[in-house]
Amino acid sequence: LTEKFSRLVKQVSGQARITESNVQDMLREVRMALLEADVALPVVRDFVARVKEKALGQEVLGSLKPGQALVGIVNRELAATMGEGVADINLVAQPPAVILMAGLQGAGKTTTTAKLAKHLIEKRKKKVLTVSGDVYRPAAIEQLKTVTRQAGAEWFPSTPDQKPLDIARAALDHAKRHFFDVLLVDTAGRLAIDEVLMAEIQQLHAALNPVETLFVVDAMQGQDAVNTAKAFKDALPLTGIVLTKTDGDSRGGAALSVRQVTGVPIKFAGVSEKIDGLEVFDAERHAGRILGMGDIVALVEQVTAGVDVAAAQKLAAKVKSGAGFDLNDFLGQLQQMKQMGGLSSIMDKLPAQMAAKATEADMSRAERDIRRKEGIINSMTPLERRKPELLKATRKRRIAAGAGVQVQEVNRLLNEFEQMQQMMKKMKGGGLMKMMKRMGG
Ligand code: GDP
Ligand code: MG
């Protein structure tokens, strides 16, 4: 996308508005990018039409060109579409809260069941039981047992000669009597959708009355994801999606298709085979990936908005009140730099050609430098941070040893801090926001 797009962006530069005539070619590129990312065709059509409507007549802000502005609109619309709805698991139910896992064979249901168990134990402090209703493949039950152990949850035994419905009822009964907070029910998948499978999972749903029915879908599935999603949505009242294998090299267009077709939120993304490879779905990051290009607009936004306005104001007020600028404030500023997503995440957003120019080494050096400075300040006592004048040779040696650096580096940091402190005194808070923004840029 990038090269052709940059050319188009240039073609229409200097125009202040997105119009029917300058938007057509650009939208064609956007459409191609989405198709390349394996978003299903009807979903692409819908989406492009929506973007066009939003974009037409839009004033182009400041120094942005219509092309850049359009990329911004596309990106935001993608993120908004995929990011709508509540993330994380709903557990508002009379315990045990039942979570039913649905999806095709190989989608990642069993793996995700264990990942969710771990998430619920560690992040939500829940007592979790898992059970497998996959009686068609004996190995599947064993697999759940193994990964459940890894997750630190409890596993309810089942065997291939039982009926899934009986297994589910027995597990629910056990969960009630032993006061589990959550029961995760793993199910069988088939290679393709079939009626027996659908009828079975519908029965399970009716018997269990789950608070969450999660559709697990492989991010690499591409165009087919739409049909699968439709079939599961028609069979079950889905409450959320887990997009697995986002660590693969597909651009993950399935996310948009599946979100659109099911109308339920994408709650989690699988990011590795490992038990801790589950993250709350990040719609913005995923939008950038689907577009397959560095989004200059998002980069611009990130750089200007990355400065934490509230923190900056607090700092300004502090300086104004004469409370002085200490090493805690200095640390806060270092953290803001990191908060802007870190230098390498900004790199991710640059178009490939641009990013190639700044070498990896440059970026990681700059980032390491920030981290080292943080390490030094973190090795100081609270008192030392408030009163840097206490820092004489002995203390400096202790701090250097604590942070694993040479004493010279501690001195260098203190020099930098003093320079900034001088500047702060001169400004007395006025213009501080401006300066922080400049630091950000
Ligand atoms: P199920 O048939 O739906 O239960 O699928 P499984 O949980 O058995 O997963 C199928 C395969 O996909 C296994 O080899 C998993 O290790 C792998 N897998 C599942 N989720 C992820 C993921 O997020 N990333 C990667 N790389 N592999 C995954
Ligand atoms: Mg399985």
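I began with F417, which is buried, with a relative accessible area of 1%. I use buried for under 20% relative accessible area, exposed for over 50% and partly exposed for in between, with a 1.4 Å probe and protein chains only. The model is predicted: local features need pLDDT of at least 70, side-chain atom pairs count only at pLDDT 80 or more, and totals for chains, interfaces and linings use all residues. Residues are numbered from 1 along each chain as its sequence is written, chains are lettered from A and ligands numbered from 1 in the order in which they are written, and side-chain values use heavy atoms, with hydrogens and water left out.

**Aromatic pairs**

How many aromatic pairs does the structure hold? I found two. Rings of Phe, Tyr and Trp (its six-membered ring) pair if their centres lie within 6.5 Å; planes under 30 degrees apart are stacked, over 60 edge-to-face, and the rest tilted.

I took F215 and F232 next. Their pair is tilted, at 5.2 Å centre to centre with 35° between the planes. F215 sits in strand β5 (residues 212–218) and F232 in helix α9 (residues 225–235), so the pair ties together parts 17 residues apart in sequence. Helices (H or I, at least four residues) and strands (E, at least two) are DSSP runs, numbered from the N terminus. Both F215 and F232 are buried.

Then I returned to F417 and its partner F330. The ring centres of F330 and F417 are 5.8 Å apart and the planes lie at 70°, so this pair is edge-to-face. F330 belongs to helix α14 (residues 327–339) and F417 to helix α20 (residues 407–427), so the pair links parts 87 residues apart in sequence. F330 also counts as buried, at 3% relative accessibility.

I also checked for a charge over a ring (NZ of Lys or CZ of Arg within 6 Å of the ring centre and within 35 degrees of the ring normal). K127 lies over the face of F180, at 4.5 Å from the ring centre.

**Ligand 1**

Which residues come nearest to ligand 1? Of the 17 around it, they are G106, K109, T110, T111 and D247. A residue is near if one of its heavy atoms lies within 4 Å. Helix α5 (residues 109–122) gives the most to this shell, with four residues.

By class, I noted three nonpolar, eight polar and six charged residues in the shell. Here Ala, Val, Leu, Ile, Met, Phe, Trp, Tyr, Cys and Pro are nonpolar, Asp, Glu, Lys and Arg charged, and the others, Gly among them, polar.

An N or O atom in the T110 side chain is 2.7 Å from an oxygen atom of ligand 1. For a polar side-chain atom of E273, the distance is 3.0 Å. For a polar backbone atom of A107, I have 3.3 Å. The protein covers 80% of the 580 Å² of accessible area that ligand 1 has on its own.

**Single residues**

G324 is in the loop between α13 (309–320) and α14. Is G324 buried or partly exposed? G324 is partly exposed, at 32% relative accessible area. Its C-alpha atom is 8.0 Å from that of Q421, 97 residues apart along the chain.

E77 lies in helix α4 (residues 66–83) and counts as buried, at 10% relative accessibility.

E200 lies in helix α8 (residues 195–208). E200 is buried too, with a relative accessible area of 11%.

How values were computed:
Polar contact = N/O pair within 3.5 Å; in protein donor to acceptor, adjacent residues only side chain to side chain. Areas by Shrake-Rupley, 256 points an atom, 1.4 Å probe, with all protein chains shown as cover.
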